[in-house]
Amino acid sequence: MSRQRTDVAIQGAGMVGLFAALRLARAGLSVSVLDAERPPVWRGRGGEYRQRVSALNRHTEALLDADGVWAAMAAARVSPFRAITAEDAAGGGRVHFDAAEVGEPHLGHIVENDLVRAMLARACREAGVHFSVPGAVQGWAEEESALILDLGEGRQLQTGLLVGADGAGSAIREQAGIAVDHRGYGQRAIVAAVETGEPHGETARQRFLAGGPVAFLPLADGRCSIVWSLPESEAEAILRLEDAAFVEVLNEAAGSLVGGVTGSGPRGAFPLHRLHARRYIAERVALVGDAAHVIHPLAGQGANLGFRDAETLAAEVAAARERGRDPGGTAVLRRFERARRGDNLAVQAAMEAFHQAFTRGEAPLVALRSLGFNLTDRLPPLKHAFMRLAMGRALG
Ligand SMILES: Cc1cc2nc3c(=O)[nH]c(=O)nc-3n(C[C@H](O)[C@H](O)[C@H](O)COP(=O)(O)OP(=O)(O)OC[C@H]3O[C@@H](n4cnc5c(N)ncnc54)[C@H](O)[C@@H]3O)c2cc1C
């Protein structure tokens, strides 16, 4: 039996787990990251786009910038979006948000998830984070001021705090006995990089259809990454289409959004669901990112919320340590949970309301939501408030 020690153990080397690891390591804590798979390595601008991309807001960008990771990402391959256009296919309502209206250069960036992970993993290694790959926590025992993690094959890790950053199906959440509220949307999101007739003009475009929204997110090479949410059965049929037929149905969905889709790269698909952990913490355990909450991707906020979780947890843990308090103690974890739960629930509720409003076809509702779009477009204070939220900034 071999036993190692670490201040913090993090299961999950996704964007959120790696960001938490970096922040904690930079605050002087020893950190071990366990993942079933090795984090990706960035192989240069010439490579094909990875299918998973995220719209990262200005707040997340500032976090990555503060940690010196953003510059490396920007030098690699990111695309700013300076504007967002959203339209309602059924009612014809339309709203256009332009960063220039609020004196900002852009609203956020479209970034490949694997690029974020690759650059964070590199920074983590430089900061002394220890990686255990493949690695997973099999279970744990509580001691007075530590958890003894069972890593299998006779290996143990003693830690003051275990962070579950292991995504929607979090094994840490399950092992900690934390229940979830969960609902499938009965939808899948199809993703692909596509060529469009008109230049994207660094604008993220979204069209709300009865089956779900289709979004065109600008990529640095001039193409767009689509996220098309569809009912399961429709998505399945569309995934089976040949490329030319796929482009045809996508064009129908896109309307005049991008001047026509002319070609598509390989497609991927992800089931969509909503999940919220009833608690974010247990004895010396904290959940962050998708392990704690999963939302509909229609406003591109899931990862952004996860970054905020990691930011808050790392700040609370670092502050406790500086004051000579137990960094994995209940008081610290409670402060983290209190700070994050309300924000995550509010965004989740807003996504739910959008989803409900846009997938229902009753005529009065269609008229009302288009009116909402048009009014927002013409009311600068309301419009600016939406833009602040999209950038991840506080209102007012
Ligand atoms: C189609 C789509 C589009 C989206 N677009 C956006 C967007 O534009 N903007 C945005 O902010 N968000 C977006 N999201 C949400 C975003 O992708 C997620 O919120 C984010 O990836 C969650 O990151 P995470 O690090 O918490 O979890 P994950 O990315 O799921 O990472 C979990 C990690 O844990 C590891 N792991 C899991 N189980 C175990 C185990 N038992 N043992 C060891 N390791 C394990 C996995 O290998 C993985 O590395 C989108 C989601 C979807 C589905």
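Select Asp 343 to begin: with 28% relative accessibility, this residue counts as partly exposed. The model you have open is predicted.

**Along α9**

Is Arg 340 buried or exposed? Arg 340 counts as buried, because its relative accessibility is 3% and the cut-off for buried is under 20%.

Now move along α9 to Glu 352. Glu 352 forms a salt bridge with Arg 183, and the closest N and O atoms are 2.5 Å apart. This pair links distant parts of the chain: Glu 352 lies in helix α9 (residues 330–359), Arg 183 in strand β12, and 169 residues separate them. Colour the two by accessibility. Glu 352 counts as buried at 12%. Arg 183 counts as partly exposed at 30%.

**Around α2**

Next, select Arg 58 and Glu 104. Their side chains meet in a salt bridge, with 2.9 Å from N to O. Here too the pair links distant parts of the chain, 46 residues apart: Arg 58 is in helix α2, and Glu 104 is in the loop between β6 (94–98) and β7 (108–112). Both Arg 58 and Glu 104 are buried.

The crossing is left-handed.

For a further set of charged side chains, pick Arg 23, Arg 26 and Asp 67. A network of salt bridges links these three. How many salt bridges does the structure hold? The count is 25.

**Backbone stops**

Pro 134 is in the loop between β8 (130–132) and β9 (139–143).

Go on to Glu 202, in the loop between β12 (180–196) and β13 (203–209). Phi of Glu 202 is near 50°, a positive value in a residue other than glycine. Glu 202 is partly exposed, with a relative accessible area of 24%.

Then select Arg 284, in the loop between β18 (281–282) and β19 (285–287). Its phi is near 60°, again positive in a residue other than glycine. Arg 284 counts as buried, at 6% relative accessibility.

Glu 174 counts as exposed, because its relative accessibility is 62% and exposed means over 50%. Draw a distance to Ala 72. From C-alpha to C-alpha, Glu 174 and Ala 72 are 36 Å apart in space, and in sequence they are 102 residues apart.

**Last stop: a nonpolar patch**

Switch to the surface view. Select Phe 354, Leu 368, Leu 371, Leu 375, Leu 379, Leu 382, Phe 386 and Leu 389. They form a nonpolar patch on the surface, and their accessible area together is about 690 Å². Which elements give two or more residues to the patch? They are α10 (363–378) and α11 (380–390). End on Leu 379, found in the loop between α10 and α11. Leu 379 is partly exposed, at 39% relative accessible area.

How values were computed
Residues numbered from 1 in each chain as written. Predicted model: local features only at pLDDT ≥ 70, side-chain atom pairs only at ≥ 80, totals over all residues. Heavy atoms only, no water. Patch = residues over 30% accessible without salt bridge, like charges linked within 9 Å, V, L, I, M, F, W, Y side chains within 5 Å. Areas by Shrake-Rupley, 256 points an atom, 1.4 Å probe, with all protein chains shown as cover. Salt bridge = Lys/Arg side-chain N within 4 Å of Asp/Glu carboxyl O. Helix = DSSP H or I, 4+ residues; strand = E, 2+ residues; numbered from the N terminus. Buried < 20%, exposed > 50% of the residue type's maximum accessible area, 1.4 Å probe, protein only. Left-handed = near helix turned anticlockwise from the far one by under 90°.
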